[in-house]
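Notebook open, viewer running. Here is what I looked up today, in the order I went through it.

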Amino acid sequence: MQLSTAHHDERLTAPRSWWGIAVLLGLACALMLLPLGTMPLLAGLVGGTALAGLAVSSYGSARVRVVGGALAAGDARIPVAALGEPEILDAEESRAWRTYKADTRAFMLMRSYVPTAVRVEVTDPADPTPYVYVSTREPQALVAALRAARAQAA
């Protein structure tokens, strides 16, 4: 029985349009420095684009994994033994759970550019978190991996 093998691994990357916006921000920085000369213009273009690209990359680098008997979503690591039955949410249900159905105590790894999600109840009585909400482009694969990890842990 191998618990260290990853059953599901997904990176929630930012959409391509965000990278275009990062380039446009770099161009805006360059234009602001245009009156100061060519070198400041180039420094603004490179520096502004690099900073905006770093922001897009860090936001879009969230990972969702089921590994070692735990759900690792972003910085959180939750043992599958403390989780209930996962529920696949389509685009409409995902939007509802991100807005008016949301509980402020819940752990939510949400990305607005990912339309689908998985919601899993937290069954640990010592944990005040009612559920985990995770945006995912592959909800069926994540649910299958969570079920397999729970069966393997049992």
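Before anything else I noted that contact means heavy atoms within 4.5 Å. The model is a predicted one, where local features need pLDDT of at least 70, side-chain atom pairs count only at pLDDT 80 or more, and totals for chains, interfaces and linings use all residues. Residues are numbered from 1 along each chain as its sequence is written, and side-chain values use heavy atoms, with hydrogens and water left out.

**Entry 1: Arg119.** I asked which residues Arg119 touches, not counting those up to four places away in sequence. I got Glu85, Pro86, Glu87, Leu89, Trp97, Tyr131 and Val132. Arg119 belongs to strand 7, residues 117-122 (helices, H or I of at least four residues, and strands, E of at least two, are DSSP runs numbered from the N terminus). Is Arg119 buried or exposed? Its relative accessibility is 10%, so Arg119 counts as buried (buried is under 20% relative accessible area, exposed over 50%, partly exposed in between, with a 1.4 Å probe and protein chains only).

Entry 2: Next I traced an open sheet of 4 strands, in the order 5-7-8-6 with mixed pairing (two strands pair if DSSP finds at least two bridges between them). Strand 5 (83-89) and strand 6 (107-109) are the edge strands, each pairing on one side only. Strand 6 runs parallel to strand 8 (residues 131-135), and 3 bridges join them. I picked Phe107 and found its bridge partner in strand 8, which is Val132.

**Entry 3: a hairpin.** Strand 3 (residues 70-73) and strand 4 run antiparallel, joined by 4 bridges. They form a hairpin with 2 residues between them, and Gly74 in the turn has a positive phi of about 65°. Ala72 stands opposite Arg77 of strand 4.

**Entry 4: two helices.** Two packed helices are described by the angle between their axes and the distance between the axes. For helix 1 (residues 16-32) and helix 2 (residues 38-59) I read about 150° and 7 Å (axes are lines fitted to C-alpha atoms, for helices over the stretch in contact, and angles run from 0 to 180 degrees between N-to-C directions). Helix 1 and helix 2 are therefore roughly antiparallel (under 35 degrees is roughly parallel, over 145 roughly antiparallel, 65 to 115 roughly perpendicular, the rest oblique). Among the residues making the contact are Trp18 and Ala22 of helix 1 and Gly44 and Gly48 of helix 2.
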